[in-house]
Amino acid sequence: MAETVSEPDRSGMEQSALDAYSLTVTSVAAELTPKVAAVNVAHRRFRGRFVVGTGSAVVFTDDGFLLTNAHVVGHSDAGTASFADGTTTPFHVIGADPLSDLAVIRADGPTPSPARLGEANGLRVGQLVVAVGNPLGLAGSVTAGVVSALGRSLPTSAGAATRIIDDVVQTDATLYPGSSGGALATADGRVVGISTAIAEVGLGLAIPINANSRQIVAALLSDGRVRRACLGVAGTPAPLPPSLRQRTGRRTGLRIVEVVPASPAARSGLRTGDLLITAGGEPVTSAQTLQRLMLEDAIGRPLALTALRGGALVDVIAMPVELPADD
């Protein structure tokens with residue numbers, strides 16, 4: 001008697017879970033694919049040669065503004081955007097901020113309705129996310145995965161300035177070359193990140209949509225650039241002495257390893273070796289926590305700093321200056 005090969009026995013619960021997963025991914029893809037453009041930008045290279053760079057961008061306003069990565073647009077001021085329905089339109093760059101790797105561009109022609117922006121601070125490790133890009137014009141390149149980690153840091157630079165992007169979202173949703181500037185969305189279709197880097201296979205990174213990035217986008221929309229304050233110090237986390245740890249309830253401060261000559265930090269009296277504990281009354285536990293204070297409203301305003309030096313607490317006042325723009 002001939003044997004027949006039967007389908008795998010799959011429980012109704014397992015099938016329902018798979019159906020729900022597929023429904024979620026397909027609905028997010030259907031919502032966001034029309035709103036994610038492929039962008040082409042001509043970058044000037046050595047001896048006047050031009051190289052065309054590609055990436056993705058997400059429509060986020062009704063009047064044609066798109067969000068992408070600063071490294072996608074580089075120093076260019078214009079390019080073309082192509083959408084899933086086949087339409088192509090020129091765009092011009094409103095502003096780019098290499099130190100957050102965010103840029104705003106504006107289409108010169110009609111665009112689809114905007115994507116809905118979410119809040120990355122509500123993400124949890126293990127949560128389902130969907131990446132939607134338009135790499136190399138391959139519209140609707142959709143991958144799904146989970147949030148692999150939160151709070152990652154990504155170093156960036158612009159000229160002589162360096163910065164750490166805080167709270168970067170790590171995901172195992174595959175990101176393809178050309179997906180930079182695309183959307184990372186939750187199951188409800190809200191964009192919570194802008195894809196920025198492929199660290200390695202199975203590890204992608206996205207700039208979070210949160211209060212800080214919204215502030216950066218607002219500055220780019222209004223001024224075309226982001227102004228930042230600068231103290232002129234470099235440091236590394238270091239443990240607080242037990243007595244200070246018990247008194248403050250904190251475990252670490254920022255050990256100053258470099259003070260730039262003639263900088264606000266140097267003029268305030270900070271020294272290499274000081275253990276910075278607070279800035280503006282806020283705890284300083286890492287370079288990132290100090291960096292968060294160095295926004296436009298800190299330029300030219302007195303900033304109270306408390307440091308531990310030789311077992312004694314030292315209070316100084318610094319006057320942050322504007323971080324020079326990358327020319």
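**Confidence.** I looked up pLDDT, the predictor's confidence in each residue, from 0 to 100. Strand 9 (residues 161–171) has the lowest confidence in the protein, with a mean of 77, and strand 3 has the highest, at 98. The protein's average pLDDT is 87, and 86% of the residues score at least 70.

**Ground rules.** I'm working on a predicted model, so local features need pLDDT of at least 70 and side-chain atom pairs count only at pLDDT 80 or more, while totals for chains, interfaces and linings use all residues. Residues are numbered from 1 along each chain as its sequence is written, and side-chain values use heavy atoms, with hydrogens and water left out.

**Overall count.** I found six helices and 20 strands in the protein. These are DSSP runs numbered from the N terminus: helices are H or I with at least four residues, strands are E with at least two. Of the 327 residues, 45% are buried. Buried means under 20% relative accessible area, exposed over 50%, and partly exposed in between (1.4 Å probe, protein chains only).

**Helix 3.** I checked the length of helix 3 (residues 211–223). The expected span is 1.5 Å times one less than the number of residues. Then I listed its buried residues: Ser213, Ile216, Val217, Ala219 and Leu220. They cover an arc of only 160° around the axis, so they sit on the same side of helix 3. That arc is taken from the directions from the helix axis to the C-beta atoms. Exposed Ala211 and Ser222 are on the face turned away from the buried side.

What do the buried residues of helix 3 pack against? I got strand 3 (65–68), strand 5 (88–97), strand 6 (102–107) and strand 12 (203–208). At the N-terminal end, asparagine 210 is the cap, with a side-chain oxygen 3.1 Å from the backbone nitrogen of asparagine 212. After helix 3 comes glycine 224, with a positive phi near 80°.

**Strand 7.** I noted that six of the six residues of strand 7 (residues 128–133) are buried, so the rest of the structure largely encloses it. In a regular strand the side chains alternate between the two faces of the sheet. Here one side has Leu128, Val130 and Val132, the other Val129, Ala131 and Gly133, all buried. Strand 7 runs antiparallel to strand 10 (residues 183–185), and three bridges join them. Two strands pair if DSSP finds at least two bridges between them.

**Threonine 306.** Is threonine 306 buried or exposed? It counts as buried, because its relative accessibility is 18%. Threonine 306 lies in strand 18 (residues 303–309). Its side chain makes a polar contact of 2.7 Å with that of aspartate 315. A polar contact is a pair of N or O atoms within 3.5 Å; within protein, one must be able to donate a hydrogen and the other to accept it, and residues adjacent in sequence count only if both atoms are side-chain atoms.

Most residues other than glycine have a negative phi. I found aspartate 101 with a positive phi near 55°, in the loop between strand 5 and strand 6. Aspartate 101 is buried, at 7% relative accessible area. Alanine 262 also has a positive phi, about 65°, but this residue counts as exposed at 59% relative accessibility. Alanine 262 is in the loop between strand 15 (252–259) and helix 5 (264–268).

Key. Contact means heavy atoms within 4.5 Å.
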